[in-house]
Amino acid sequence: MAFDSLSERLNKTFRHLSGKGTLSDNNMEEMLKEVRVALLEADVNYGIVKEFLNTVREKARGEEVLKSVEPGQQLVKIIHDEIMVLLGSEDALVQWKDSGMTTIMMVGLQGTGKTTSIAKIANQVQVKQGRKALLIAADVIRPAAIDQLKTLGQEINTEVFSMGLNVSALETVEKGMAYAKEKNYDTVFIDTAGRLHIDEQLMKELQDINQLVHPDEILLTVDAMTGQDIVNVANAFKEALPLTGLVVTKFDGDSRGGGVLSVRKITGVPIKFVGEGEKVEDMDVFHPDRMADRILGMGDVVSLVEKAQEKLDMEENARLAEKMMNGQFTMGDMLRQFEQIQKMGPLGGILKMIPGMNQYAGMLDEAKAGKSMAHMKAIIQSMTPYERAFPDKMRGSMKKRIASGSGRTVDEVNKLINQFNKMKKLMDAMGGLSRSGHLDEENLEKMFDSHLGGMNNAMKKKKYKF
């Protein structure tokens, strides 16, 4: 994800400050020097870095911080708040009309994911807000653009209006808007042409469409991987069009993120959406406060919960949890649990949203973890219903048959059964404590020590505090 290297560098810096009783000019300047290097390495604009550090320095020398019991934590909060100011102090939402049709015009350079972003945002507003959307294919320059939009429209069950390549973009938009009004659509997305670079012909066409439609939103798609060039592109489009927001694509890529941190401050155009994946559902509203939390390794529990509610069968999860606590959990339930976890996406992405776990996300080998889960699923799928319910009663011949059927070894079958038994004992213990009314912190700690051995002690040593 964008900001990963920045997040890692900042968290290392903050850990060095942890535990210091007072905040002196010396240790503060030492830390700010590290923050400066981290921001510049992340490709944040030099002028913004300078202004950012001056603001942090001024606030850190304030009376509130100097008298703070834990000045290191207070300094982290100041940096967190200033990063949020850079990103935008509050969510920049789409300005929907109170009545009638809302029109959203999408612009951007070729290759930034403009057409895909239209489909993703249209899908989101239909699924989450119940809006009725029409997509107008006004990119008559790139031959594959209309076909691409039609394919995406079918995928999200949304109508696409097109007049082909032989009709001008302006006429297509004019006829498309009339069609949308006739069919009572409440939301219209206009997919415009892009270029490999900014030129007069491109801007003239976009300005003509803007004059014809007067859209409620003009969203510019920018590629997170392009670094500081995001700012240059946004400024160029802003000079020609009344931009209302940015859509940052490829946010899940291995980018330094400096352009994303710089663009809001320099251009004054807020980030409204971020794309974090290739699927149509991989687009979300941009939340500056949540992103600031993630950059500083504080997790993003709200987004994690929202993602779980969208992706998972909550009734099924509640049923599995009840079976766990009542000691009725089987390997068939374990299989369903694996399937639910996979719906959430890459495990590394999930870890980044959990407070304190961001540092472990980079250690995770996604490919290896994915293979391991696939192997465990194959083993369980090769079991009969009886074997899934009573794995302890399996004989050697059963295990051989399961190993053969899943393409794994008998050792792997035994290992999975042992893991299941440990987890079942832990769940049984938790259920027993819960039913007895003694599920307190001391009993939980004893239980984890008893069932997980040295793992609990190892995790205790890994606790970090700002």
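Reader: Two strands pair if DSSP finds at least two bridges between them, but before we get to that, what kind of model is this?

Author: This is a predicted model, where local features need pLDDT of at least 70 and side-chain atom pairs count only at pLDDT 80 or more, while totals for chains, interfaces and linings use all residues. Residues are numbered from 1 along each chain as its sequence is written, and side-chain values use heavy atoms, with hydrogens and water left out.

Reader: OK, how many helices and strands does the chain have?

Author: There are 23 helices and 8 strands in the chain; both are DSSP runs numbered from the N terminus, helices being H or I with at least four residues and strands being E with at least two. Of the 466 residues, 47% are buried, where buried means under 20% relative accessible area, exposed means over 50% and partly exposed lies in between, using a 1.4 Å probe and protein chains only.

Reader: What share of the contacts with a separation of 6 or more comes from residues 24 or more positions apart?

Author: Such residues account for 72% of those contacts in the chain, a contact being heavy atoms within 4.5 Å.

Reader: Back to strands, then. Which strand runs parallel to E4 over 5 bridges?

Author: Strand E2, residues 133-137, is joined to E4 in that way, with leucine 134 having valine 188 as its bridge partner in E4. Strand E1, residues 102-108, also pairs with E4 in the parallel sense, over 5 bridges, and there methionine 105 has isoleucine 190 as its bridge partner.

Reader: Switching topic: how many aromatic pairs turn up in the whole structure?

Author: The search finds 2 aromatic pairs; rings of Phe, Tyr and Trp (its six-membered ring) pair if their centres lie within 6.5 Å, and planes under 30 degrees apart count as stacked, over 60 as edge-to-face and the rest as tilted. One of them joins phenylalanine 161 and tyrosine 179, which are tilted, with 5.5 Å centre to centre and 35° between the planes. Phenylalanine 161 sits in strand E3 (residues 159-161) and tyrosine 179 in helix H8 (residues 169-182), so this pair ties together parts 18 residues apart in sequence. Phenylalanine 161 counts as buried, at 14% relative accessibility.

Reader: Which phenylalanine pairs with tyrosine 386?

Author: Tyrosine 386 pairs with phenylalanine 390, also as a tilted pair, at 5.3 Å centre to centre and 45° between the planes. Tyrosine 386 is partly exposed at 43% relative accessibility, and phenylalanine 390 is partly exposed at 40%. Lysine 393 lies over the face of phenylalanine 390, at 4.9 Å from the ring centre, the rule being that NZ of Lys or CZ of Arg is within 6 Å of the ring centre and within 35 degrees of the ring normal.

Reader: Where is glutamate 387, and is it buried or exposed?

Author: Glutamate 387 is in helix H19, residues 385-389, and it is buried, with a relative accessible area of 3%. Its side chain makes a polar contact with the side chain of arginine 401 at 2.7 Å; that term means a pair of N or O atoms within 3.5 Å, where within protein one must be able to donate a hydrogen and the other to accept it, and residues adjacent in sequence count only if both atoms are side-chain atoms.

Reader: What does the side chain of threonine 158 make a polar contact with?

Author: That contact, at 2.8 Å, is with the side chain of glutamine 126. Threonine 158 lies in the loop between helix H7 (143-155) and E3, and at 8% relative accessibility it counts as buried. Setting aside neighbours within four places in sequence, threonine 158 is in contact with Gln126, Ala133, Leu135 and Gly153.

Technical notes:
Two strands pair if DSSP finds at least two bridges between them.
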